[in-house]
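Keep the 3D view at hand as you read.

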Amino acid sequence: WILVGSSTSTLLIASKDQIGFETTVSIVVLKLLFRVLLLPVFVNCSFDSSPKKMDENTCTFKIILGSSSVARQKILAEMGYEFTIMTADIDEKGIRKEKPEELVMALAEAKADAIISKLQTIVNQEKDVKSTLLIAADTVVVHEGMIREKPSSEEEARQFIKGYSGRHTATVSSVLVTNLKTGFRKGEWDKVEIYFHDIPDQIIDNLIEEGIVLNVAGGLIIEHPLILPYVKQVVGTTDSVMGLPKALTERLIKEAL
């Protein structure tokens, strides 16, 4: 599926002005739009440098996104890149670090290593003229000094979101880029602070019922049309909260080439 149209941030910012807190119809429409926007993106090469237009002749390297996250797939596509998708079958709970920055980097490293092991059984990178870049990433929420990953249940997700109401929290996201042809590897992390207004219980119940919050770190989806009106301030970028900071990813891609 290829997504064509306005960026998520542009649409949702416009939606914020249009949503009435008690306008059920508007919320339903926005929820449907949100689902459409998060349709998976399955593409398979790379765009050249700006202006980023699809051109078979200017495709000088390949990208593999090591993530099943629809949000990360959409962000990378918005950046103008084509890519293939591979996922890493690792036990994330088996990797523990005290500091969130160390944890997200360790998880990205483990994901990259697992995917490289898969690739070694199906392709010989040395025979490929073009460089292949593998992008791995991870995100956690840090709330009151505690690291939060994906909720283990609906009750935990509800507890997480209620904890954000009227308070603030943070996300830490890592990006790791490996050039499979040269062996170059570099990763960094990015932190964002998010401040919330009070979030009504009904909104939390609707989010839990929808189920998407169960699949993201800390049950946190600030771009969701139900939660967006209650986001007071974001110190950083929304794409980083969603799991793939654009500026950091772009810089690491350029360095890897």
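## A helix and its cover

This is a predicted model, and we can start with helix α8, which spans residues 246-256. The buried residues of α8 are L248, T249, E250, L252, I253 and A256. Among the elements covering them are the strands β1 (61-65), β3 (131-143), β5 (168-179) and β6 (185-196).

## The largest pocket

Next, have a look at the largest pocket, with a volume of about 910 Å³. Elements that contribute two or more residues to its lining are α2 (24-37), α3 (70-78), β3 and α7 (238-242). Strand β3 gives the largest share, four residues.

In total, 35 residues line this pocket, and S69, R72, K150, N215 and V216 lie nearest its centre. By type, the lining holds 16 nonpolar, nine polar and ten charged residues.

## The enclosed cavities

How many cavities of 30 Å³ or more does a search of the whole structure find? There are two, and the largest cavity holds about 60 Å³ of space.

Lining the largest cavity are I161, Y164, F196, I199, L207, V213, G219, L220, I221, I222 and I227. Ten of the lining residues are nonpolar, one is polar and none is charged.

## A serine in a loop

Finally, find S153 in the loop between β4 (146-148) and α5 (154-164). Is S153 buried, partly exposed or exposed? With a relative accessible area of 31%, S153 is partly exposed, because the partly exposed class runs between the 20% limit for buried and the 50% limit for exposed.

Technical notes:
Residues are numbered from 1 along each chain as its sequence is written. This is a predicted model: local features need pLDDT of at least 70, side-chain atom pairs count only at pLDDT 80 or more; totals for chains, interfaces and linings use all residues. Side-chain values use heavy atoms; hydrogens and water are left out. On a 1 Å grid over the protein atoms alone, a cavity is a set of points where a 1.4 Å probe fits but cannot get out, and a pocket is an open set with protein on both sides within 12 Å along at least five of seven lines; lining residues have an atom within 4 Å of a point. Grid points are joined across faces, edges and corners, and a volume is the space filled by probe spheres set on the points. Ala, Val, Leu, Ile, Met, Phe, Trp, Tyr, Cys and Pro count as nonpolar, Asp, Glu, Lys and Arg as charged, and the others, Gly among them, as polar. Buried means under 20% relative accessible area, exposed over 50%, partly exposed in between (1.4 Å probe, protein chains only). Contact means heavy atoms within 4.5 Å.
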